[in-house]
Amino acid sequence: MEESSRPTVGDYMTREVATVELDDTVGEVARRIADNDHFSGFPVTDGRRVEGFVSARDLLLAEDHEPMFRVMTDDILVAHPDMAVQDAARVILRSGIQKLPVVDDAGHLVGIISNADVIRSQIERATPGKVDKLGRTLENIHGITTHEGRREVELDDLTPTQTTVYADELEGRVYELERGLAEPLVVIDNGGDLLLADGHHRVKAAARLDIDEMDAYVIVLDETVELGMAETAADSDLESIDDIEVVDYAHHPLVQTTERLQD
């Protein structure tokens, strides 16, 4: 199985972008920011072409009547739709900015990608390489052979192997599913028993959206064996995806550890 191509900015960017124009005034733009919690700044456009970016900070010391072309930042960083998400992540991290306008070859605005979009693109990514590695591991541990396929699986047929998912990551999976961006699940077919190996946040998100089946990489064991993850699921009373608990991020063990260190 060949490794899939890297995800691009075009896969994860938001295509419907709120913008302001060169002649819009500070007062007008400030009111838009104040009236909507989602806006902290806007690309400034002339027609479809991006000319700059204006943030709330840019407006602080400016007079209400001043136009955007006088207060905007015109030396801006942008991304291209074909740019790898990982490369966009480096730009966002190193520059300290939160959003990159995305422009095509003509400099026309086609979307925007945020640091949140980048994070969502990296969580729970299932790749063919990851599936191959899991298949080889199962073969080595149990002395069996496996083969892989890709198909739609009914969520009601899955046995989870993870007891909890985190609420913030769950929101990210809902976001992806609504935009058709979710990665396939990874499922182990052990004599007809379907164990969910990877994708617990995705199946919980699907259940929230009333989705009954999902695309999955399926590792089929050519003979039935006793799997440790199946025993773990049984010991934890995991029979269906309804048994997976959603917990708030504040209860994430890494956060709790950090809080203890700060005491």
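A residue counts as exposed when its relative accessible area is over 50%, and as buried when that value is under 20%. Keep that cut-off handy for the exercises below; the model is a predicted one.

**Exercise 1.** Work out where aspartate 237 sits and whether it is buried or exposed.

*Solution.* Start with the location: aspartate 237 is in the loop that runs between helix H10 (228-235) and strand S12 (245-247). Next, take its relative accessible area, 59%. That is over 50%, so aspartate 237 is exposed. Last, check the backbone: phi is near 60°, a positive value in a residue that isn't glycine. Most residues other than glycine have a negative phi.

**Exercise 2.** Describe how helices H8 and H9 pack, from geometry to contact residues.

*Solution.* Two packed helices are described by the angle and the distance between their axes. Here the axes of H8 (residues 167-178) and H9 (residues 200-208) come within 8 Å and cross at roughly 65°. As for handedness, the crossing is right-handed. Now list who touches whom: H8 brings Glu169, Leu170, Glu171, Arg173, Val174 and Leu177, while H9 brings His201, Arg202, Lys204, Ala205, Ala206 and Arg208. Sort those contact residues and you get six charged, five nonpolar and one polar.

Notes
Residues numbered from 1 in each chain as written. Predicted model: local features only at pLDDT ≥ 70, side-chain atom pairs only at ≥ 80, totals over all residues. Heavy atoms only, no water. Axes fitted to C-alpha atoms, helices over the stretch in contact; angles between N-to-C directions. Helix = DSSP H or I, 4+ residues; strand = E, 2+ residues; numbered from the N terminus. Left-handed = near helix turned anticlockwise from the far one by under 90°. Contact = heavy atoms within 4.5 Å. Nonpolar A, V, L, I, M, F, W, Y, C, P; charged D, E, K, R; others polar. Buried < 20%, exposed > 50% of the residue type's maximum accessible area, 1.4 Å probe, protein only.
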